[in-house]
Amino acid sequence: LLPGYHPFEWQPALKNVSASCHVGIINGLSGWAASVDDVPMETITRRFRYDVALASALKDLEEDIMEGLSEHLLDDSSCNTGFNVMIKESCDGMGDVSEKHGGGPAIPEKAVRFSFTIMSVSVLPEGREEAVTIFTEPKPNSELSCKPLCLMFVDESDHEMLTAVLDPLLAERNAMKHSRLILSIGGLPRSFRFHFRGTGYDEKMVREMEGLEASGSTYICTLCDSTRAEASQNMVLHSITRSHDENLERYEIWRTNPFSESAEELRDRVKGVSAKPFMETHPTLDALHCDIGNATEFYKIFQDEIGEVFQKPNPTREERRSWRASLDKQLRKKMKLKPVMRMNGNYARKLMTEEAVEVVCELVPSEERRQALRELMGLYLQMKPVWRATCPAKECPDQLCRYSFNSQRFAEILSSTFKYRYNGKITNYLHKTLAHVPEIIERDGSIGAWASEGNESANKLFRRFRKM
């Protein structure tokens with residue numbers, strides 16, 4: 001994953017970035033004056049210079065790009081407008097990365113990794129209306145296509161520290177938006193323009209980067225302005241309204257309070273934007289955490305159904321505990337599913353199956369509740385491929401067409417049969433699953449391809465390297 005050295009240049013030259021191309025791993029805080037903190041500065045972060053890493057990643061794709069050109073019968077003369085490169089950015093915090101018994105410097109025991117993936121390279125040949133895509137990343141969620149850019153020993157909740165470390169990276173990214181990279185591919189200098197999309201963030205990170213309140217907020221969505229109560233009333237009909245620029249405007253209103261409103265009125269006006277948005281993210285839904293969030297929700301529904309909460313609200317903690325115990329026991333016995341402390345992707349995948357529902361139904365007393373659970377899971381399994389698939393239009397066109405219909409039916413069941421759970425409240429990811437999926441797919445063509453999984457699975461590698 002280390003970039004080699006390739007000669008390249010930028011036109012116009014990047015602002016505040018040195019023109020030298022032979023730069024390897026640098027200290028991520030280079031350029032910042034020495035900190036007053038007790039953490040030794042040179043141990044906190046390491047990174048590649050963004051433009052060097054991009055040039056190197058493109059050089060790795062040299063063969064694929066040349067193949068793509070010849071496949072589409074494009075010769076060198078028709079590509080003088082230059083190439084467009086679509087970049088997915090991911091950033092994720094990871095807990096406990098302590099050295100098991102190391103005597104290193106005192107650093108936070110948490111790490112944050114920032115990485116990018118080249119999603120596609122396209123070109124607009126002379127005399128054509130439409131751009132031709134000559135390279136598409138076949139495995140956008142593999143750790144092999146996910147190039148690490150910056151590793152930091154920082155707690156992702158420590159906003160000041162995180163923003164200080166990512167700041168130079170951001171400055172480079174902004175400089176590159178207005179310039180083109182000249183790089184030799186196939187023996188000829190070619191020009192590349194980059195488009196960055198920050199989609200590989202989980203909800204916590206998005207809220208932090210975009211200045212929104214934390215995820216327990218009444219403003220439950222990072223895509224629209226809905227409140228939790230509204231989202232539980234109207235589960236399906238919402239459209240994406242939030243954007244980075246709007247968040248910046250709202251922060252200004254929050255900061256200046258031009259209409260001299262009370263705190264409550266002001267908060268309602270800015271819809272929960274109460275910090276300065278730091279990095280532009282591309283509003284989407286994170287498929288991996290969507291899976292996990294919804295599985296957690298189903299896990300709770302299963303418990304409630306075992307205890308027939310729809311008949312007797314407000315059960316005691318003991319009752320709840322016993323339902324949970326019997327659910328875990330049943331899942332372990334029939335499905336070989338060990339209980340987990342915190343829901344993870346693998347558990348979620350096994351829990352969200354027809355088979356698991358049948359196993360749970362054995363514990364649910366009434367037949368009509370069992371039917372409702374079965375139908376709920378059936379609908380969910382119809383909906384899931386749409387936001388998991390890398391290319392839903394190819395991989396599951398039927399489910400894609402039926403998505404809105406399915407999500408409406410799903411919402412109907414929740415607001416009637418399971419009213420006891422969704423009275424005035426709904427979880428963030430469930431709201432997004434029901435309300436925003438078709439619109440995101442119409443806009444980006446995929447949700448799964450832009451998810452954070454590549455970065456997440458590379459976390460595993462990072463842990464391993466760190467131990468060794």
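Two strands are taken to pair if DSSP finds at least two bridges between them. By this criterion, strand S5 (residues 111-123) of the predicted model pairs with strand S7 (residues 147-152) in the antiparallel sense, over five bridges. Within this pairing, Phe114 has Cys150 of S7 as its bridge partner.

Strand S4 (residues 83-94) runs antiparallel to S5 and is joined to it by 12 bridges, with Gly93 standing opposite Val112 of S5. Strand S6 (residues 132-136) is likewise antiparallel to S5, the two being paired over four bridges; here Ser122 has Thr133 of S6 as its bridge partner. Of the 13 residues of S5, 13 are buried, and the strand is therefore largely enclosed by the rest of the structure.

The largest nonpolar core comprises 63 residues, and those with the most contacts inside it are Phe302, Leu331, Leu351, Phe410, Leu414 and Phe418. At least two residues of this core are supplied by each of the helices H8 (287-306), H9 (317-335), H10 (345-351), H11 (354-361), H12 (367-388), H14 (397-416), H15 (428-435) and H16 (437-444). The greatest contribution comes from H8, with 10 residues.

When neighbours within four places in sequence are left aside, Phe418 is in contact with Ile301, Glu305, Arg369, Ala372, Leu373, Leu376 and Ile413. Apart from this core lies another, of 58 residues, which includes Phe48, Leu61, Leu69 and Met152.

Note on methods:
Residues are numbered from 1 along each chain as its sequence is written. This is a predicted model: local features need pLDDT of at least 70, side-chain atom pairs count only at pLDDT 80 or more; totals for chains, interfaces and linings use all residues. Side-chain values use heavy atoms; hydrogens and water are left out. A nonpolar core is a set of buried Ala, Val, Leu, Ile, Met, Phe, Trp, Tyr and Cys residues joined through side-chain atoms within 4.5 Å. Buried means under 20% relative accessible area, exposed over 50%, partly exposed in between (1.4 Å probe, protein chains only). Contact means heavy atoms within 4.5 Å.
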